[in-house]
Amino acid sequence: MPFRTLGLDAKILQAVSEAGYTEPTPIQLAAIPPIIAGHDLIGIAQTGTGKTAAFTLPLLTKLAAAGSAAGPSRRTRVLVLAPTRELVLQIEENIRAYAKHLPLTVATVFGGVGEHPQIRALQYGTEIIIACPGRLLDLMSRRHGNFSGLQFLVLDEADRMLDMGFLPSIRKIIHALPKQRQTLLFSATLSKEIEALTHEFQHAPKTIQIGRRANPAETVTQFVYEVPKHLKPALLQHLLADPKMEMVLVFSRMKHAADRIARQLEQKGVRCATLHSNRSQNQRLRALKDFKSGAVRVLVATDIAARGIDVDGISHVINYDFPMHVEDYIHRIGRTGRANAIGDAISFVTPEDNGELRALERFIGRGIVRKRAEGFNYAAAGQPQPDDDRRGRHQQRPPQRPQQRPQHGHASAQRPARSGGGPQQGGSGNVRPAAAPARGPQRSFNRW
Ligand code: AMP
């Protein structure tokens, strides 16, 4: 079904076509009509499904229909709350692209950068504000911003905002907003806490769910390398010797580990950048820019910083440190295979990670294929590695039990040529030549 049947504004349709989208994704098909009709909405969808456009396109249509006030009578009409500054910037980029033919004003609000431009944007009555809850509440408590004309509230990645402890700030922000408004909530998972939030802040919401809840993107091939901890740096370097690994996102648990991994790679001549919360906002933006442009081939990131990264063409995600929570795994691997491009997700698993790996396999209802790296010397002595995995386990969020039962029978939905059946302990497979997607967006949604 083409976009033009969904009731979107003509100028938005033009921008969508200029973005290269030929047809709506399933979440866009499901979400756009009820949002235009004025319903509150709960969208359960994993990352990479096109959910930003699913809420942005109808909201822009409604703003365009109501017309824009000029000058000082402007008031903020849309507020989008999102967990991280990277996601806020990502949403802003999308909104600016879709609204490029409309006279709407857009601004972002998040911590770690100077507050004056943000205060000016709030005072000016910018029509669309995309914000992280912490900084926004700080500014609102100092009486900045005029939300008396607010019509639309979006809570994006609500599950992650709750995980990050933003609930009290979100409550205070929402209590300061008009009660008459349309509220949209998006989350990768539907937990009891999310349900409680929707009861508190939404009115008769419609729920749409795309795919299985928390289902790893189906275009991503997942496999595991079992490796002793001291060989992880050597294995990473070995894998990166394959030129088909052209755009690689490496995840570590700890910030200092991300720096160390990047240093070791640089010493071996691999150009890389790091993304974690100890880096300044400018450094983070620079790292993303260099990664997107291909100036660096590898980006080493921690989970929080990488949330919301939307970079087309990531060929491989490597979990250098196995994630502690299944939600993190799903978000990490969702960084590749976006918009139905293909990608590989590789996890290094040490003996200490076996419990987490099994929990993940139970959660996704299938085993993940074990591989051995061809030509890699597993008998080599490596440098002893600091025990930051263990420290990470204690310093970060307490482990959560997956909130859902695994749903079986899904294996057939994965690409058959690239996944095996169940786990092959100590598997004999070799490193398969990685499929290297062409750089740049691949915008075919035919298989959805
Ligand atoms: P999101 O889930 O919002 O992070 O979007 C994932 C990616 O899909 C982004 O790169 C979008 O630009 C892209 N995208 C969104 N909608 C479409 C569409 N209808 N056709 C092609 N690509 C899309």
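## A tour of helices and sheets

Start by selecting helix H3 and helix H4 (residues 85-98): the two pack at an angle of about 45 degrees, with their axes 10 Å apart. That angle makes H3 oblique to H4, a word for whatever is left once angles under 35 degrees count as roughly parallel, over 145 as roughly antiparallel and 65 to 115 as roughly perpendicular. Axes here are lines fitted to C-alpha atoms, for helices over the stretch in contact, and angles run from 0 to 180 degrees between N-to-C directions. Helices (H or I, at least four residues) and strands (E, at least two) are DSSP runs, numbered from the N terminus.

Before moving on, a word on the model. This is a predicted model, in which local features need pLDDT of at least 70, side-chain atom pairs count only at pLDDT 80 or more, and totals for chains, interfaces and linings use all residues. Residues are numbered from 1 along each chain as its sequence is written.

Thr52, Ala53, Thr56, Leu57 and Leu60 of H3 make the contact with Ile91, Asn94, Ile95 and Tyr98 of H4; residues are in contact if their C-beta atoms, placed from the backbone, lie within 7 Å.

H1 packs with H3 (residues 51-66) at an angle of about 145 degrees, and their axes are 9 Å apart. Select Lys11, Ile12 and Val16 in H1, which meet Leu57, Leu60, Thr61 and Ala64 in H3.

Time for the strands. Seven of them form an open sheet with parallel pairing, in the order S3-S4-S2-S5-S6-S1-S7. Strands S3 (106-109) and S7 (206-209) are at the edges, each with a single partner strand, so one side of each has no neighbour in the sheet. From one strand to the next, the twist averages 15 degrees. Zoom in on S3 and strand S4 (residues 128-131), which pair in the parallel sense over four bridges; strands pair if DSSP finds at least two bridges between them. Here Thr108 stands opposite Ile130 in S4.

Finally, select strand S12 (residues 316-319). His316 and Ile318 point one way, Val317 and Asn319 the other, and all are buried, that is, 20 or more other C-beta atoms lie within 10 Å of their own, with C-beta atoms placed from the backbone. Strand S9 (residues 248-251) pairs with S12 in the parallel sense over four bridges, and Asn319 is the bridge partner of Phe251. Four bridges also join S12 to strand S13 (residues 343-349), again parallel, with Ile318 opposite Ile346.

Definitions and conventions. A residue is buried if 20 or more other C-beta atoms lie within 10 Å of its own, exposed if 12 or fewer, and partly exposed in between; C-beta atoms are placed from the backbone. Two residues are in contact if their C-beta atoms, placed from the backbone, lie within 7 Å.
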